[in-house]
Amino acid sequence: MAPMMRGFGTRALWVGGTLVLASGCLSGARNIRAATTPVGTTEVGVSLNALAFERGREQAYLPSPELTFRKGAGENWDWGGRLTLLGLELGTRHRLIEQSRWTWSVAPSAGIWYVPVTNNYTEPVNLRLGAQTLLDYRLSRAWTLTGGASLTGAFAGPLTAFQGRFNGSNLLLSPGGSLGIGFRLSPSFEVRAEGGLEFPLGLRGGSRPPAGHAGLTFRWSRADRR
C-alpha cells in the first residue's frame, strides 16, 4: 500500500507541475488549515482551483493549478508558499491557541503575480500583501473543518511600473472569507476542498465586483532527513 501511495503521489506531483506550466493567474485561494506543520516535517501539494472574476462587463472563469509547500520552522509556526508559472506567494503561519478540538492561527503573506487577463481595475503587474486568520474545528481524527477571514492590500499596475511609470495603476483593499474541509486518508496524505470570496474595494473608486474561488488540494507530508 505504501509503495502504491508513493507512486501515486509522484505521478500526481508530475501532473500538477505540468498543469502549472500551462496556466497561471492571481488567486485568492490559500488552501491551508490553521494547524501548523510540525518541526522536522515538509509538506508539498497540488491545488486545482477554479476562479470567478469580472472581465470587462462579464463574469469569467479560469482554472488555476498551483504547487504548494510548507515547512515546520518552530514549535508554533511554519513557512511556505504557492507557485504558478506566473506568480509566487510566500508567507508564514503562526499558531496562537490550540485545544483538543480546535486551533486558531494567523498567516501573513506577500506575493507578486503577472495577470494576463485585465479589466477596469486589474493590470498585468500585481503585488499583494495581506494576512489571514484561520480556525480549525476537528470533527473527528480524519475530518477537519477550517474557516478563514482575510484582508489583503494589492497594487495593480502596468508593465511600465518597472520603469517607474505608474499611469493606470490601481490600489485595492480586499476583505474576504473562506470555508474548507479536509480529510486525512493517512498520516502523510490529506485531501482538502475549499471555497471562498473576496470583495475588492478600490481606494480611488469604490467597490468592485466580488471574486471567488473553489478547488481541491492534495497534500503529502514527510519527515526531513537529518
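**Reading the cut-offs in this model**

Guide: Among contacts in the chain between residues at least 6 apart in sequence, 58% join residues at least 24 apart; contact here means heavy atoms within 4.5 Å. This is a predicted model, so local features need pLDDT of at least 70 and side-chain atom pairs count only at pLDDT 80 or more, while totals for chains, interfaces and linings use all residues. Residues are numbered from 1 along each chain as its sequence is written, and side-chain values use heavy atoms, with hydrogens and water left out.

Visitor: Welcome news for my notes! What makes up the secondary structure of the chain?

Guide: The chain has 1 helix and 12 strands, in the order α-β-β-β-β-β-β-β-β-β-β-β-β. Helices (H or I, at least four residues) and strands (E, at least two) are DSSP runs numbered from the N terminus.

Visitor: Why is T152 called buried?

Guide: Buried means under 20% relative accessible area, exposed means over 50%, and partly exposed lies in between (1.4 Å probe, protein chains only). T152 has 3%, so T152 is buried. T152 sits in strand β7 (residues 143-157), and beyond its neighbours within four places in sequence its contacts include R30, L129, L173 and E198.

Visitor: And how do you know that Y137 is partly exposed?

Guide: Its relative accessible area is 41%, so Y137 falls into the partly exposed class. Y137 belongs to strand β6 and is one of the residues making a nonpolar surface patch of about 960 Å². Patches are made of residues with over 30% relative accessible area and no salt bridge, joining like charges within 9 Å and nonpolar side chains (Val, Leu, Ile, Met, Phe, Trp, Tyr) within 5 Å. Accessible areas come from the Shrake-Rupley method with a 1.4 Å probe, and for residues only the protein chains shown count as cover.

Visitor: Why is the pair of F69 and W79 called edge-to-face?

Guide: Rings of Phe, Tyr and Trp (its six-membered ring) pair if their centres lie within 6.5 Å; planes under 30 degrees apart count as stacked, over 60 as edge-to-face and the rest as tilted. For F69 and W79 the centres are 5.5 Å apart and the planes stand at 85°, so the pair is edge-to-face. F69 is in strand β2 (residues 58-72) and W79 in strand β3 (residues 77-84).

Visitor: What makes F189 and W220 a stacked pair, then?

Guide: Their centres are 5.1 Å apart and their planes are at 25°, so this pair is stacked. F189 in strand β9 and W220 in strand β12 are 31 residues apart. F189, at 4%, is buried, and so is W220, at 12%.

Visitor: How do you know that R219 and E43 form a salt bridge?

Guide: A salt bridge is a side-chain nitrogen of Lys or Arg within 4 Å of a carboxyl oxygen of Asp or Glu. The closest N and O atoms of R219 and E43 are 4.0 Å apart, and the pair counts as a salt bridge. R219 lies in strand β12 and E43 in strand β1, so the pair ties together parts 176 residues apart in sequence. R219 is buried, at 5%, and E43 is buried at 5% too.
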